[in-house]
Amino acid sequence: MGEQQGERRRLAVVSGGGTGIGAAVARGLVEDGFDVLVVGRRGDVLDAAARRIADECGRAGAVRAVTADLTDPEQLAAVLDAVDGRTVDAVVNNAGGYLGGPTGTLDEVAAWWRANLDANVLTAVLLTEALRPALRRPGGRVVLLSSIAAQRGGGGPYSAAKAALHGWAYDLAAQLGPEKITVNVVSPGYVAETEFFGDRMTPEGHAKRVAATLVGRAGTPDDIAAAVRYLVGPSAGYVTGQVLGVNGGSVFGR
Ligand SMILES: NC(=O)c1ccc[n+]([C@@H]2O[C@H](COP(=O)([O-])OP(=O)(O)OC[C@H]3O[C@@H](n4cnc5c(N)ncnc54)[C@H](OP(=O)(O)O)[C@@H]3O)[C@@H](O)[C@H]2O)c1
């Protein structure tokens with residue numbers, strides 16, 4: 001499973017791969033035979049995740065950590081150094097999150113919006129553009145992690161930033177389709193067991209989100225990772241330009 005077309009093991013780059021959904025994606029892709037680069041700002045968190053996944057999967061060196069703030073174009077050099085000229089089979093743009101802040105003045109409003117656009121859009125755009133020349137042709141995969149907030153609102157600039165990924169994904173899918181590279185969006189609903197909510201989650205907030213699902217539970221990082229594994233896998237070559245909601249039925253497909 002780890003070899004493709006008699007070449008070296010497939011390579012995936014997962015942003016935000018040190019925690020939550022990204023770590024579950026990284027682990028799942030190692031199980032599927034990929035080598036994985038996990039990218040984030042906190043080297044210690046990435047190193048710990050890389051060690052844990054390699055131990056659990058019994059594949060030393062399967063995951064390597066790359067420390068970079070993906071909102072800063074200059075820091076993409078660290079990712080390219082780690083790729084080291086290899087072909088990239090899959091880019092999973094998972095880094096992001098909701099950033100709060102004061103909104104009393106227009107300057108504060110501007111800072112709040114820029115922070116959310118940077119964290120959720122620019123991180124994906126810069127990583128994908130940096131790796132675009134290295135993508136496997138044919139067969140490369142790009143996945144963008146959006147949110148149910150893009151479809152139903154609820155997060156101000158976070159919702160808007162995630163929605164921006166959808167429009168960009170359609171353009172990118174059209175550009176890369178002729179090279180047999182697919183581009184898709186995974187849009188999670190409420191997922192517990194990640195750092196996303198920090199100390200913002202309350203028992204009431206949790207219960208409300210669970211009640212909004214049709215299946216009566218919170219999502220897990222592995223629920224989302226399963227969708228990503230499908231989209232980057234060999235059986236999804238005819239799926240591109242799509243938004244796959246993984247939300248327990250909280251929002252119907254559209
Ligand atoms: N949990 C949910 O309910 C939920 C629902 C819908 C969508 N999502 C989306 O799913 C994705 C993963 O979220 P999660 O729930 O797993 O939360 P998480 O544990 O907070 O993961 C976010 C990851 O992104 C990384 N990151 C953030 N900004 C970055 C930057 N500028 N450069 C590089 N890495 C950066 C973080 O690492 P560092 O801090 O070390 O950089 C962290 O590992 C996010 O895009 C989130 O918006 C989550």
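At 34% relative accessibility, Arg137 counts as partly exposed, a class that lies between buried (under 20% relative accessible area) and exposed (over 50%), as judged with a 1.4 Å probe and protein chains only. Glu179 is likewise partly exposed, with a relative accessible area of 32%. The model is a predicted one, in which local features need pLDDT of at least 70 and side-chain atom pairs count only at pLDDT 80 or more, while totals for chains, interfaces and linings use all residues. Residues are numbered from 1 along each chain as its sequence is written, and side-chain values use heavy atoms, with hydrogens and water left out.

Arg137 and Glu179 are joined by a salt bridge in which the closest N and O atoms are 2.4 Å apart, the term denoting a side-chain nitrogen of Lys or Arg within 4 Å of a carboxyl oxygen of Asp or Glu. This pair links distant parts of the chain, 42 residues apart, since Arg137 lies in the loop between helix 4 (106-131) and strand 5 (141-145), and Glu179 in the loop between helix 6 (157-176) and strand 6 (182-188). Helices (H or I, at least four residues) and strands (E, at least two) are taken here as DSSP runs, numbered from the N terminus.

In total, the structure holds 13 salt bridges. Asp35, which is buried with a relative accessible area of 16%, takes part in a salt bridge with Arg9, the closest N and O atoms being 3.8 Å apart. The two residues are 26 residues apart and belong to distant parts of the chain, Asp35 being in strand 2 (residues 35-40) and Arg9 in the segment before strand 1 (11-15). Arg9 is partly exposed, with a relative accessible area of 30%. The side chain of Asp35 also meets that of Arg59 in a salt bridge, at 2.7 Å from N to O. Here too distant parts of the chain are linked, over 24 residues, with Asp35 in strand 2 and Arg59 in the loop between helix 2 (43-57) and strand 3 (63-67). Both Asp35 and Arg59 are buried. Elsewhere, a network of salt bridges links Arg27, Glu31, Asp32, Arg52, Glu56 and Arg229.

Seven strands form an open sheet with parallel pairing and the order 3-2-1-4-5-6-7, two strands being regarded as paired if DSSP finds at least two bridges between them. Strand 3 and strand 7 (243-246) are the edge strands, each of which pairs on one side only. From one strand to the next, the twist averages 20°, with axes fitted as lines to C-alpha atoms, for helices over the stretch in contact, and angles running from 0 to 180 degrees between N-to-C directions.

Within this sheet, strand 4 (residues 90-93) runs parallel to strand 5 and is joined to it by four bridges, with Asn93 standing opposite Leu144 in strand 5. Strand 1 and strand 4 also pair in the parallel sense, over three bridges, and Val13 stands opposite Val91 in strand 4. Both faces of strand 4 are covered, as Ala90 and Val92 on one side and Val91 and Asn93 on the other are all buried.

Helix 4 lies across strand 1, strand 4 and strand 5, and runs at about 170° to strand 4. Helix 6 packs on the sheet and touches strand 5, strand 6 and strand 7, its direction making about 160° with that of strand 6; contact means heavy atoms within 4.5 Å.

The loop between helix 7 (203-211) and helix 8 (221-232) contains Leu214, and Thr220 is placed in this loop as well. At 61% relative accessibility, Leu214 counts as exposed. Together with Val215 and Phe252, Leu214 forms a nonpolar patch on the surface with about 370 Å² of accessible area. Patches are made of residues with over 30% relative accessible area and no salt bridge, like charges being joined within 9 Å and nonpolar side chains (Val, Leu, Ile, Met, Phe, Trp, Tyr) within 5 Å, and accessible areas come from the Shrake-Rupley method with a 1.4 Å probe, only the protein chains shown counting as cover for residues. Thr220 is partly exposed, at 23% relative accessibility. Leaving aside neighbours within four places in sequence, Thr220 is in contact with Val191 and Glu193. The C-alpha atoms of Thr220 and Gly189, 31 residues apart along the chain, are separated by 9.8 Å.
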